[in-house]
Amino acid sequence: MNGYIVSIIGTVLVCSVLTAVLPQGKTTGVIKGMARLACVVAIIAPIPKYLGKWTSFDVNHEKNPTQADINFSQQVIQTDDTFIKYYCEMRIRNTEAALKSEIENQFPIEVETNIDWRFTEEKTVDSDQIQIVSITVKLLNSCNQETIEALTKYLTKNYCSEVIIE
């Protein structure tokens, strides 16, 4: 704070001496305007610094990084693989529940579903994609062979994966 006050006083004194010594002429108005601008800049200099919008002009800036430098020092954003795996597993669980409901609405049977999945080998622009490897359907009540074949055909057509019925 003392350095701030001293810099304001020093700037005002230099500008006032400069304007007092300045001879009257065509450039006097320009020089007085520059002196006033220097005084205003000296007064408002700490405001952007406190708002975090401006870093200091210190010579040792590299040795003493500001908070803004620390916040933006990372150039590469790394993904959280644990979160991505958790999200994928939750999405598969939701798909299993939706698939169970879909099967029970289409066919007169009660089932439990399980989806085996993996990430695809092909990288897309956005990220990896989930590939359904197989769908396992466990029948909770008995049904005829025609229903099982229709269920297998329906799941193979709509989900393009191996279907295992137990």
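The model is a predicted one.

Start inside. The largest nonpolar core holds 15 residues. Those with the most contacts inside it are Leu 99, Ile 103, Ile 109, Val 111, Val 137, Leu 151 and Leu 155. Helix α5 gives the largest share, four residues.

Leaving aside residues up to four places away in sequence, Val 111 touches Lys 100, Ile 103, Glu 104, Val 137, Lys 138, Leu 139 and Leu 140. Two of these partners, Ile 103 and Val 137, are also listed among the core residues with the most contacts.

Next, move to the surface. Here Val 40, Ile 43, Ile 44, Ile 47 and Leu 51 form a nonpolar patch. Together they have about 450 Å² of accessible area. Helices α2 (28–44) and α3 (46–51) each give two or more residues to the patch. The largest share, three residues, comes from α2.

Ile 47 lies in helix α3. Is Ile 47 buried or partly exposed? Its relative accessible area is 48%, so Ile 47 counts as partly exposed. The cut-off for exposed is over 50%.

Finish with Thr 28, which is found in helix α2. Thr 28 has a relative accessible area of 6%, so Thr 28 is buried. The limit for buried is under 20%. Beyond residues up to four places away in sequence, Thr 28 touches Leu 22 and Pro 23.

Notes. Residues are numbered from 1 along each chain as its sequence is written. This is a predicted model: local features need pLDDT of at least 70, side-chain atom pairs count only at pLDDT 80 or more; totals for chains, interfaces and linings use all residues. Side-chain values use heavy atoms; hydrogens and water are left out. A nonpolar core is a set of buried Ala, Val, Leu, Ile, Met, Phe, Trp, Tyr and Cys residues joined through side-chain atoms within 4.5 Å. Buried means under 20% relative accessible area, exposed over 50%, partly exposed in between (1.4 Å probe, protein chains only). Contact means heavy atoms within 4.5 Å. Patches are made of residues with over 30% relative accessible area and no salt bridge: like charges are joined within 9 Å, nonpolar side chains (Val, Leu, Ile, Met, Phe, Trp, Tyr) within 5 Å. Accessible areas come from the Shrake-Rupley method with a 1.4 Å probe; for residues, only the protein chains shown count as cover. A salt bridge is a side-chain nitrogen of Lys or Arg within 4 Å of a carboxyl oxygen of Asp or Glu.
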